Amino acid sequence: MRRRALIALLGGVVTLWPFAARAQKDDQVRRIGILAPAPFKPIDSFRERLRELGWSEGQNVEFAYRWAEGDDTRYRALAAELVSLKVDLIVTWSSPAALAAKEATGTIPIVMGAIGTALETGVVPNLAHPGGNITGFSSQNIEIAGKHIGLLKDLVPGIGRVAVLWNAANPGAAVGLGYAQKAAKAAGMTLDNIQIGDASDLETALTALSGLHPDAASVIADVGLLAQRRRIVEFMTANRLPAVYPYSEFAEIGGLISYSPDFNNLFRQTAEYVDKILRGANPGDLPIQQPSKFKLVVNLKTAEALGLTVPALILAQADEVIE
């Protein structure tokens, strides 16, 4: 599994954003809005890196948090709240969050801590030159939905049918489904499309999945589903379904295997972009970057319970093995 390289930063002079002059005032407290599903660990990594860069909470920076709590329909109202608070910058996590922030403001800088695909969801027109008030990081967690199908083929002998669970309220997840369908077709598998109307519709989707009796399952990246990871892993375990997940947190609580970007690293890089913008850089001049680190986590305890032997090649590539 190759690690994707970062998009090289473009040379040239970076123009100053309109609030650059006031950003230089040392005695001014900057207000950062956080628009995300929940206070997951990468948010802590973001704050930690900001501190390292000289931004101390309560001294020269403060945060306004708005959590969607698994309900993507809340993002539009939450983004509007942040704009009304006159925050200096908004950090988003997820495609719905980024789209809501873009709709809410064309002037407040927006830094996407992670978005599945910035181009195909229409958030920006160009990765190298995003323009406007938006920049950040494309996690590629949507694109690797196809790799997840490949992992299942290597893990589950004789696999012929795979169920793919995805949140239709997330436009990025629909793109991920396309990658999964293409990979399943190439591998000669039948793919069962398990669509969730929104994150609150999970139980209905799981009931539909169990009635199809697939050989394995894959979950398309969606931070709303990340918030419900415990229920999803419990279901897969109870139904003895080998499953691959888009976040390491799934494997950490008993999921079989996960392959994803290193989100802690992404959000540390996000802090570096925020630092540049608060010091006067124009977000539209900062290219959308891709992750430099990916993380493969294998839960051997779960594999043993499922009667699976994890191939040596996968174990050799794993960044973490849970025993």
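Two strands are said to pair if DSSP finds at least two bridges between them. The model described here is predicted. With that term in place, strand β3 and strand β4 pair in the parallel sense over four bridges.

**Overall form**
- The protein chain contains 13 helices and twelve strands.
- Its radius of gyration is 20 Å, close to the 20 Å that the globule rule gives for 323 residues, so the protein chain is as compact as a globular protein of that length.
- Along the principal axes, the C-alpha atoms of the protein chain fill a box of roughly 65 × 35 × 35 Å.

**Burial and contacts**
- Of the 323 residues in the protein chain, 55% are buried.
- Among contacts in the protein chain with a separation of 6 or more, 73% are between residues 24 or more positions apart.

**Surface and charge**
- The protein chain carries 31 positive and 33 negative side chains.
- The centres of these two sets of charges lie 3 Å apart.

**Strands β3 and β4**
- Strand β3 covers residues 89-93, and strand β4 covers residues 110-115.
- Strand β4 is mostly covered, with six of its six residues buried.
- Valine 91 stands opposite valine 111 in β4.
- In a regular strand, side chains alternate between the two faces of the sheet.

How values were computed: Residues numbered from 1 in each chain as written. Predicted model: local features only at pLDDT ≥ 70, side-chain atom pairs only at ≥ 80, totals over all residues. Heavy atoms only, no water. Helix = DSSP H or I, 4+ residues; strand = E, 2+ residues; numbered from the N terminus. Rg over C-alpha atoms; globule rule 2.2 N^0.38 Å. Buried < 20%, exposed > 50% of the residue type's maximum accessible area, 1.4 Å probe, protein only. Contact = heavy atoms within 4.5 Å. Lys, Arg positive; Asp, Glu negative; His and termini not counted. Charge placed at Lys NZ, Arg CZ, Asp CG, Glu CD.
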